[in-house]
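Try each task yourself before you read the solution.

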Amino acid sequence: MAFANSLLSSSSSPSQIPHGSKDFNSTPLIISPHERSAFTFSPIRNKFSELGIGVIGSSRKKNILYASVNDLNASASSTSLKSEQDADLVPMPVVLIDQDSDSDATIVQLSFGDRLGALIDTMNALKHLGLDVAKGTVLTDGPVKQTKFFITRLDTGRKVEDPDMLERIRLTIINNLLKYHPESSERLAMGEAFGIKAPEKKLDVDITTHVHVKEDGPKRSLLCIETADRPGLLVEIIKIIADVNIDVESAEIDTEGLVAKDKFHVSYRGAALTSSLSQVLVNCLRYYLRRPETDIDSY
């Protein structure tokens, strides 16, 4: 459209032709051999001929045509450069531990763009923790490949309930990600201490931390926490919840790059949390998570 407008705006009516110029409608156009060659082999000129559109003969308009060709080439180069830059971008690593979806197994979901392979080393590392990978699935969602493990304890055959073990599972997977995909270090909080490149983006804990409790039926409530990730975070959260005498029935532990997004189904004596108890829990978690250096007994 802009190209068509530039052609229309550059055409002159007979009354606007400058003094000394030739009226192209009445005077034959004289074209030099060099210009004739340019017109003959211009792809845009040939395309106009195919469409039955007259060729514009002024040198000014010819320059506009060539500028348009250059614009197309520049656009193609820009698109090619953008594609190369997109290929070099490090995708967001995501580790999700789901205690809700399956009653018999703990589900661990891992994604890192389309860069993950069979994850044999990760499965072996989990077995060294005394866990059994009952089955695994791979789901491709656009450019992202998601791998799911269904994990049980080797000694009992049941899902993992111990918060310490859940945190060990999370850290083991992240450690393997750093080992076999070192480029992920710039997108993970643990990359600052154990990766080849520390994250450029630093999260402000005060701004990042969000805690709230939602209603989830008469027998339990849903606690949602979002904060800056760090090693041992899950165990710290569980300890704070236990110190308020609140029970954790199940959890979904989600690590998305530098941010931890966790959900806990909690209850107090078999019932959902009251509004006052919810506020106590939220205040304790906010106070501690925003000041990770604070001793846990001080709150």
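**Exercise 1. Cysteines**

Task: Find how many disulfides the structure holds, and decide whether cysteine 224 and cysteine 284 are buried or exposed.

Solution: Keep in mind that this is a predicted model. Step one: the structure holds 0 disulfides. Step two: buried means under 20% relative accessible area. Cysteine 224 has 8% relative accessibility, so this residue is buried. Cysteine 284 comes out at 15%, so this one counts as buried too.

**Exercise 2. A helix and its buried side**

Task: Work out which residues of helix H5 are buried and what they pack against.

Solution: Start by locating H5, which covers residues 120-127. Its buried residues are Thr122, Ala125 and Leu126. Now look down the helix axis: these buried residues fall within an arc of 100 degrees, so they line one face of H5. Finally, follow that face to its partners: the buried residues pack against strand S3 (131-141), strand S4 (144-153) and helix H6 (163-180).

**Exercise 3. The surroundings of threonine 106**

Task: Describe where threonine 106 sits and which residues are in contact with it.

Solution: Next, check its accessibility: the value is 0%, so threonine 106 is buried. Then list its contacts beyond four places in sequence, among them Ile97, Phe149, Ile151 and Leu166. Lysine 159 is also a contact; it lies 53 residues from threonine 106 in sequence, yet their C-alpha atoms are 5.1 Å apart. Last, look at glutamine 99: its side chain and that of threonine 106 are joined by a polar contact of 2.6 Å.

Methods
Residues numbered from 1 in each chain as written. Predicted model: local features only at pLDDT ≥ 70, side-chain atom pairs only at ≥ 80, totals over all residues. Heavy atoms only, no water. Disulfide = S-S within 2.5 Å. Buried < 20%, exposed > 50% of the residue type's maximum accessible area, 1.4 Å probe, protein only. Helix = DSSP H or I, 4+ residues; strand = E, 2+ residues; numbered from the N terminus. Arc of directions from axis to C-beta. Contact = heavy atoms within 4.5 Å. Polar contact = N/O pair within 3.5 Å; in protein donor to acceptor, adjacent residues only side chain to side chain.
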